[in-house]
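This report sets out selected local features of one protein model. Please consult the sequence and the coordinates alongside the text.

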Amino acid sequence: MSTDTTPPPVRESHARTWEGTGWGFAAKLVLMAAVNALGIYVAWSAWTVDQWGVLVGSLALVVVADVVYFSRRRLAGKYIYPGLVFLLVFQVFTMAYTVYVATTNYGTGHNSTQEQAVDALLIQNERPVEDAPTYPLTIVRSGEDVGFAVVDESGQVLVGTAAEPMEAAAGATTDGDRVTGVPGYDVVDLGTLLADPALQEEVLALRVPASQDADDGSYRTREGTRATVYSSSLDWDPDAQTMTDSTTGTVYSADGETGQFVAADGSTLTVGWRVGVGLENFTTAFTNPNYAGPFWKITAWTFAFAFLTVASSFLLGLAIALLFDDKRLRGRRVMRTLFILPYAFPAFLSALLWQGMLNANPDYGIVNSLFFFGARIEWLTDPWLAKLAILGVNLWLTFPYFFLVCTGAMQSLPNELEEAARIDGASRWRHFRAIQLPLLLISTTPLLIASFAFNFNNFVIVYMLTGGGPRFTDTSAPLGHTDILITMIYQISGVQGGSADYGLASALSIIVFLVVGAVSAFAFRRTRKLEEVL
């Protein structure tokens, strides 16, 4: 009998030692090197755009990752760290940034800082300098940078890009008054320029500073063959925080509360900057005449749309499931397959098909042609019919889901309950109302809540079928009778074009989140009470 009580040696992880082939240790080093490289790249990118919060956060995540994965302890941290990172980046950061945007005037005309707004205004108000000479222009390229090259009055070749002001180019060659070659640059010939529309747009938008002094203006071109010096009609005084229009003498003062340059007569310059506005965006939806009326109408329609969609699709799915639960019915498998088909089609494609079939012109709309004797029924342009069309199409898309759910739930119910009810003399309706339905609701209520939350933000069906129309006639906001809150946010955000108000859109997003969260919490509370009763 052995008397050796020495504990067996603890075997090191393959990720910590170079045992055997050593692939585990090597793989760990490669992965951690990649994580560190990615974190440093993000930090460097944040440094270049002055995003100090992102810089500090990314460096902190890299340091914590190194501590967790190169430590002998913190075993739990090795498993949960990736999940925590995704939670911080994709949930916490997104929500925090949405709250931040909701408290600013971020939107069209207020997209940047005051310094960037000043630069944009100076550039936008540039005009050709009176009596300034015009130079034969040569387009040059250095890597991805496009620049200008000209021969000035003294015969000196000047070259520059948007980031590098014009300066003398040593070793450049000319052909009379036009530059033919610049060391470090490739000359873009006229044929290449004319054959490339994207390059043409870039050249026409290019602004090459004449010198380091912004008051000297910049070189610009209107057709790509000749350049002249432009100078801004606005003068910026950073000490007084004023912008003076040299052509009219109007002085615009910086207003830190609105993020705009405002003149004494109340007029403003077109470009402003981003400033904090507190809770103003949250009150705008309720007080601004352009949004207050549509907001309440859209909110009411959003609740009605989500509730009616869930109720109608659940009841229809339940009814069909009950029908096909009868074993005396022939061809049940084939019929079940046919009923599931709408669920198999992509929702956005089905919505587009229904948009065509509901065309008011019976020559194009098959619904009016086949079912309404060729009558012209405005399914998509009448406010009430458009809502009815959305509910009908969404019912066609979603009832197969509840048909599947109810079918599965009924098949899981014990047969003994049905036999006991039959022995007690309960009718089929009594058995369904007192036994089957409560048991079905226990298993389907979480799905009904999830479906309500989904339809509360069902962007696809509304946007693809009606685009939110027909439009309201009592507001200038781009909103319509069939818009729900999520499409309202989309329209206000300006993603589709036009004026954008990201601050207001973010505030509405937070309101929608709170409403959906409150409804879901209340519904789950009621579900638990139902389980306790049963």
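Is Phe373 buried or exposed? Phe373 is exposed, with a relative accessible area of 83%; buried means under 20% relative accessible area, exposed over 50%, and partly exposed in between (1.4 Å probe, protein chains only). The model is predicted, so that local features need pLDDT of at least 70 and side-chain atom pairs count only at pLDDT 80 or more, while totals for chains, interfaces and linings use all residues. Residues are numbered from 1 along each chain as its sequence is written, and side-chain values use heavy atoms, with hydrogens and water left out.

**Backbone features**

Phe373 has a positive phi of about 55 degrees although it is not a glycine. Its place is the loop between helix H11 (366–371) and helix H12 (383–411); helices (H or I, at least four residues) and strands (E, at least two) are DSSP runs, numbered from the N terminus. Gln241, also not a glycine, has a positive phi of about 60 degrees. Gln241 sits in the loop between strand E13 (234–237) and strand E14 (242–245), and is partly exposed at 30% relative accessibility. The peptide bond from Gly469 to Pro470 is cis, with omega near 0 degrees. Pro470 belongs to the loop between helix H15 (459–465) and helix H16 (485–493).

**Salt bridges**

Side chains of opposite charge can pair when their charged atoms come close. The structure holds five salt bridges, each defined as a side-chain nitrogen of Lys or Arg within 4 Å of a carboxyl oxygen of Asp or Glu. The table gives some of them.

| Acidic residue | Basic residue | N to O distance |
| Glu126 | Arg220 | 3.2 Å |
| Asp474 | Lys297 | 3.3 Å |
| Asp483 | Arg471 | 3.7 Å |

The side chains of Glu126 and Arg220 meet in a salt bridge. This pair links distant parts of the chain, with Glu126 in strand E1 (residues 126–128) and Arg220 in strand E11 (residues 218–221), 94 residues apart. Glu126 is buried at 7% relative accessibility, and Arg220 is buried at 18%. Glu126 and Arg220 are also linked with Arg207 in a network of salt bridges.

A salt bridge likewise joins Asp474 and Lys297. Here, too, distant parts of the chain are linked: Asp474 is in the loop between H15 and H16, and Lys297 is in helix H8 (residues 289–324), 177 residues apart. Lys297 is partly exposed, with a relative accessible area of 42%.

Asp483 forms a salt bridge with Arg471. Both residues lie in the loop between H15 and H16, so the pair ties together parts that are 12 residues apart in sequence. Asp483 is buried at 0% relative accessibility, whereas Arg471 is partly exposed at 39%.

**Aromatic pairs**

A pair of aromatic rings is described by the distance of the centres and the angle of the planes. A search of the whole structure finds 27 aromatic pairs. Rings of Phe, Tyr and Trp (its six-membered ring) pair if their centres lie within 6.5 Å; planes under 30 degrees apart count as stacked, over 60 as edge-to-face and the rest as tilted. Phe295 and Trp296 form an edge-to-face pair, 5.3 Å centre to centre with 70 degrees between the planes. The rings of Tyr401 and Phe402 have their centres 5.1 Å apart and their planes at 70 degrees, so this pair is edge-to-face. Phe295 is buried at 3% relative accessibility. Tyr401 is partly exposed at 26%, while Phe402 is buried at 0%. Ring pairs also link Phe324, Phe339, Phe399 and Phe403 into a cluster.

**Surface patches**

Patches are made of residues with over 30% relative accessible area and no salt bridge; like charges are joined within 9 Å, and nonpolar side chains (Val, Leu, Ile, Met, Phe, Trp, Tyr) within 5 Å. A nonpolar surface patch includes Leu75, Tyr79, Val89 and Phe90, and its members together have about 1,000 Å² of accessible area, computed by the Shrake-Rupley method with a 1.4 Å probe, where for residues only the protein chains shown count as cover. Phe90 is in helix H3 (residues 75–102) and is exposed at 52% relative accessibility. Val89 and Gly57 are 32 residues apart in sequence and 9.8 Å apart in space, C-alpha to C-alpha. Gly57 is found in helix H2 (residues 52–69).

Glu144, Asp145, Glu164, Glu167 and Glu202 form a negative surface patch; Lys and Arg count as positive and Asp and Glu as negative, with His and the chain ends not counted. The place of a charge is taken as NZ of Lys, CZ of Arg, CG of Asp or CD of Glu. Glu202 lies in helix H6 (residues 197–205) and is partly exposed, with a relative accessible area of 36%.
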